[in-house]
Amino acid sequence: MPKGYLDPPLFEISKSTQKVSLTKTPFFFNDKGKPRYLARPPKGVTPLEVAPTNPQMAMGHEHIVSQVIGVKPNAPYGVETQLRFVAEKVSYQPLWATRDVAAAFGITLVEKGQAVRMSCPVEQLDQVEYEYGVFAGHWSPYQNTGNRLLSVVCTDLEHHDFPHVFASTDPRFPLVISVGRYWPKLGRIRLADLWVPQGSALYIPPKPELPDPECIDLHNNRNSARACWGDIEHDSVQTHTLLQLKHGYFYWYWNAVDTSHGRPI
C-alpha cells in the first residue's frame with residue numbers, strides 16, 4: 001500500500017531537438033508518418049493548399065462568451081485574456097482530424113506522402129520530440145496554483161506569430177490537439193479535441209494578432225495524451241512538434257470552468 005504518496009505524474013519531457021531553417025527547408029513532408037523538412041517537395045508530390053480562415057465554418061461544441069474578464073500582459077512572453085463562459089461545465093467535442101474538420105479551425109491536415117509549404121516571420125524554428133503524460137492538462141498557469149496536480153482541466157488555448165506542426169508519431173496512440181474558434185463580436189466560441197490518426201500531422205500557419213478580427217483560431221497541445229485514458233499500461237504519448245522555442249510571443253485565451261472531454265465515434 002502507498003504510504004501517503006503516489007508516484008509523481010509525468011507532465012511533459014523534451015527528449016530531443018532539431019533546428020529547422022525555413023529559408024533552406026521551407027517544406028514540411030510527411031514521410032510515411034515521420035516529419036521531414038525539405039528544400040523542395042519530393043518528385044511527384046504537389047504541396048497542399050494551406051487551409052484559409054473562413055469565419056463561416058463552424059464545428060465543435062458552442063459556448064457563449066459573456067464577457068472578457070481581463071487582459072493581462074505577461075512580458076516578454078505574451079498576453080493573457082480571461083473569458084467568461086456561460087456554462088457549468090465546458091464541453092470539447094471529440095472529432096477525428098479529417099481535412100474538413102481541421103480546416104474549420106484554420107488547420108491543414110497533412111497525411112502520409114503529403115507536403116505543405118510553411119511560412120514564418122522568423123528564419124529558424126525547432127522540432128522537438130516530446131513525451132506528454134495523461135495529467136499534463138491538469139495544471140493551470142493562470143490561477144496561482146503553482147505545480148499542483150489539479151482535479152479540473154481549464155480551457156487554455158493560444159495563437160501566435162510562428163507556425164506549429166503537430167506530428168502524430170506515437171506507435172500506440174493517436175495525438176489529441178485541443179482547438180477553438182472564437183468570434184469576439186458574436187460572443188461565441190466553438191471547442192473541440194482533434195484526434196490526429198497515427199502517422200498524420202497538423203500544420204497551423206502563423207496566426208498573428210489582427211485588428212478587429214471576425215474570428216480567432218486557437219489551439220493547445222497539453223492534452224496530447226488524452227487517448228491514453230483508460231489504458232493502465234501506458235500513460236503517455238510520443239510526439240514531434242515544430243515551434244519557436246525562444247522569443248516566441250503568445251496570445252493566450254483561458255477560462256477557469258472545468259472541461260469535459262470524450263472519445264470520437
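The model is predicted, with local features requiring pLDDT of at least 70 and side-chain atom pairs counting only at pLDDT 80 or more, whereas totals for chains, interfaces and linings use all residues. Residues are numbered from 1 along each chain as its sequence is written, and side-chain values use heavy atoms, with hydrogens and water left out.

Student: How many aromatic pairs does a search of the whole structure find?

Tutor: Rings of Phe, Tyr and Trp (its six-membered ring) pair if their centres lie within 6.5 Å; planes under 30 degrees apart count as stacked, over 60 as edge-to-face and the rest as tilted. By this criterion, the search of the whole structure gives a count of nine.

Student: Is the pair of Y130 and Y132 stacked or tilted?

Tutor: The ring centres of Y130 and Y132 lie 5.5 Å apart. The angle between their planes is 50 degrees, and the pair is tilted.

Student: Why is the pair of F250 and W252 stacked?

Tutor: The ring centres of F250 and W252 are 5.3 Å apart. Ring pairs also link these two residues with F162 into a cluster. The F250–W252 pair is stacked because its planes stand at 5 degrees.

Student: Why is strand β2 largely enclosed by the rest of the structure?

Tutor: Strands (E, at least two residues) are DSSP runs, numbered from the N terminus, and β2 covers residues 27–31. Buried means under 20% relative accessible area (1.4 Å probe, protein chains only). Strand β2 is largely enclosed because the number of its five residues that are buried is four.

Student: Over how many bridges do β2 and β3 pair?

Tutor: Two strands pair if DSSP finds at least two bridges between them. Strands β2 and β3 (residues 34–38) form a hairpin with two residues between them, and N30 has P35 as its bridge partner in β3. The two strands pair in the antiparallel sense, and the number of bridges is five.

Student: Which residue's backbone oxygen does the side chain of T239 reach?

Tutor: At 2.9 Å, the side chain of T239 reaches the backbone oxygen of A167.

Notes
Buried means under 20% relative accessible area, exposed over 50%, partly exposed in between (1.4 Å probe, protein chains only). A polar contact is a pair of N or O atoms within 3.5 Å; within protein, one must be able to donate a hydrogen and the other to accept it, and residues adjacent in sequence count only if both atoms are side-chain atoms.
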